[in-house]
Amino acid sequence: MWRILRPDAFSVLGDEKARRSFPRYFRVLRGELPPRFQVCKRVPAPFDPSWKTEELWRLHGLCLEDFRKLLSLVDGGKLKLEEMEKPASSLLDLKVELARRLLSSCRLCEHRCGVNRLEGERGFCGVGRTRLASEFMHYGEESVLVPSYTVFFSGCTFRCCFCQNWDISQYPEEGEELSPRELSSLISDAERHGARNVNFVGGNPDPHLLFILETLREYGGRLSSVWNSNMYYSSQSAELLKGTQDIYLADFKWGNDSCARKYSGISRYWETVTRNHLTARSDAELLIRHLVMPGHLECCTFPVLRWIAENLGREVRVNVMAQYRPCYMAGKYPEINRFLSPQEFKRAVEEAEELGLNLEP
Ligand code: SF4
């Protein structure tokens, strides 16, 4: 059915430019390789929960080196995961323990609220226990992802005044509470129904890192994992994400801190998001979304596209998006209370083409 709905999702499998951007993901799709988090589960990480957090981070660094060696052997066809014993305690178990500790004085994102979310305290995002706003097979994502089993978590670390998903992002108390095991079972169902990946989004997945790692620990299948984020997570979260994601589906909207502060309510945007893009690029494959905002070509679109070309290389897939709509509270800002003009979008695409970026058609 999806081949009729999205013929490009089928033809992209033979697209040379897409294959260059997602070489490993394509091999996972063909069943030749396991997703990264399954490799993570085979890396031994012997630790005791009584250990100090610094000791656990030290072990995590060592285990990540082991992970990279193991991944290289698996990808090179020298080792099969099925032939390896499962360790009593794995790198993924260690990541779960560290994520739990991060929640006790929450530093999952760069707001660094320091609240004890394990005791029910709430920070900027307002997220308490993880809730799912919805989950379904998504046919509207980029062609390489479709069909994408997409999990929408409630809550977000941004306050974008034009948010299209404000009913999800700004209401962290809404939605259904599931256990990681229940979500894992839904992912397995989606895999049986032809999903290409599991896509964690929201709102934003970052405040739900612990829950998502626990879910991946439960899930025994072969779908790739996609981290669909605003990229505002902390460097500690970036460390914990390493080795667990196959694609970072990264939102890169603002070209400077002042626009980010004005329209999304956040500080230190540029420093944080560029840092996380670089880390993501070194860890896995990257698909960047840039939403072109009306009146923001010079201050946002051009700097973002140039930074991508200069720092991430031209193999990285970029989706220059024209979908902006003045939703939610955009009416309070007359300068963005309109649709993008065709001329603005054309200039954005021309700039991306001139820079030689690998664009999503
Ligand atoms: S996830 Fe970010 S915004 Fe939410 S409580 Fe933690 S540090 Fe604060």
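Visitor: What does the secondary structure of the protein chain come to?
Guide: The model is predicted, and its protein chain has 15 helices and eight strands.

Visitor: What share of the residues is buried?
Guide: Buried residues make up 48% of the 361. As for contacts between residues at least 6 apart in sequence, 77% of them join residues at least 24 apart.

Visitor: Now the sheet. In what order do the strands come?
Guide: The order is β1-β2-β3-β4-β5-β6-β7-β8, in an open sheet with mixed pairing. The edges are β1 (132-138) and β8 (358-359); each has a single partner strand, so one side of each is left without a neighbour in the sheet.

Visitor: What holds strands of a sheet together in general?
Guide: They pair through backbone hydrogen bonds, either parallel or antiparallel.

Visitor: And β3, which strands does it pair with?
Guide: Strand β2 (residues 148-153) pairs with β3 in the parallel sense over five bridges, with Phe152 opposite Val201. Strand β4 (residues 224-229) also runs parallel to β3, joined by four bridges; there Val198 has Ser225 as its bridge partner.

Visitor: Is β3 buried or exposed?
Guide: Buried. Five of the five residues of β3 (residues 197-201) are buried, so the strand is largely enclosed by the rest of the structure. Both faces are covered, with Asn197, Asn199 and Val201 on one side and Val198 and Phe200 on the other.

Visitor: How many bridges join β6 to β7?
Guide: Five, between residues 285-291 of β6 and residues 317-321 of β7, and the two strands run parallel. Among those pairs, Arg289 has Asn319 in β7 as its bridge partner.

Visitor: Changing topic: which residues touch the most other members of the largest nonpolar core?
Guide: Phe67, Val198 and Leu213, out of 103 residues in that core. Helix α7 gives the most to the core, with seven residues.

Visitor: What does Phe67 touch?
Guide: Leaving out residues up to four places away in sequence, Phe67 touches Val39, Cys40, Val43, Leu91 and Gly243.

Visitor: Where is Leu94, and why is it called buried?
Guide: Leu94 lies in helix α7 (residues 91-104). Leu94 is called buried because 23 other C-beta atoms lie within 10 Å, and the cut-off is 20 or more. Beyond four places in sequence, Leu94 is in contact with Ala45, Phe47, Leu56, Leu59, His60 and Cys63. Leu94 and Pro44 are 50 residues apart in sequence, with their C-alpha atoms 9.4 Å apart.

Visitor: What about Lys41, buried or exposed?
Guide: Lys41 counts as buried, with 21 C-beta neighbours inside 10 Å. Lys41 is in the loop between α5 (36-40) and α6 (53-75). Apart from neighbours within four places in sequence, its contacts are Lys86, Ser90 and Leu92. Lys41 and Ser89 are 48 residues apart in sequence and 8.4 Å apart in space, C-alpha to C-alpha.

Visitor: On to the ligand. Which residues come nearest?
Guide: Cys106, Cys109, Cys113, Gly123 and Cys125, of the 15 residues around the ligand. By class, that shell holds nine nonpolar, three polar and three charged residues.

Visitor: How many C-beta neighbours do they have?
Guide: Arg112 has 14 other C-beta atoms within 10 Å and is partly exposed. Tyr328 has 18 inside 10 Å and counts as partly exposed.

Technical notes
Residues numbered from 1 in each chain as written. Predicted model: local features only at pLDDT ≥ 70, side-chain atom pairs only at ≥ 80, totals over all residues. Near = placed C-beta within 6 Å. Nonpolar A, V, L, I, M, F, W, Y, C, P; charged D, E, K, R; others polar. Buried ≥ 20, exposed ≤ 12 C-beta atoms within 10 Å, placed from the backbone. Contact = placed C-beta atoms within 7 Å. Pairing = 2+ DSSP bridges. Core = buried A, V, L, I, M, F, W, Y, C linked by C-beta atoms within 7 Å.
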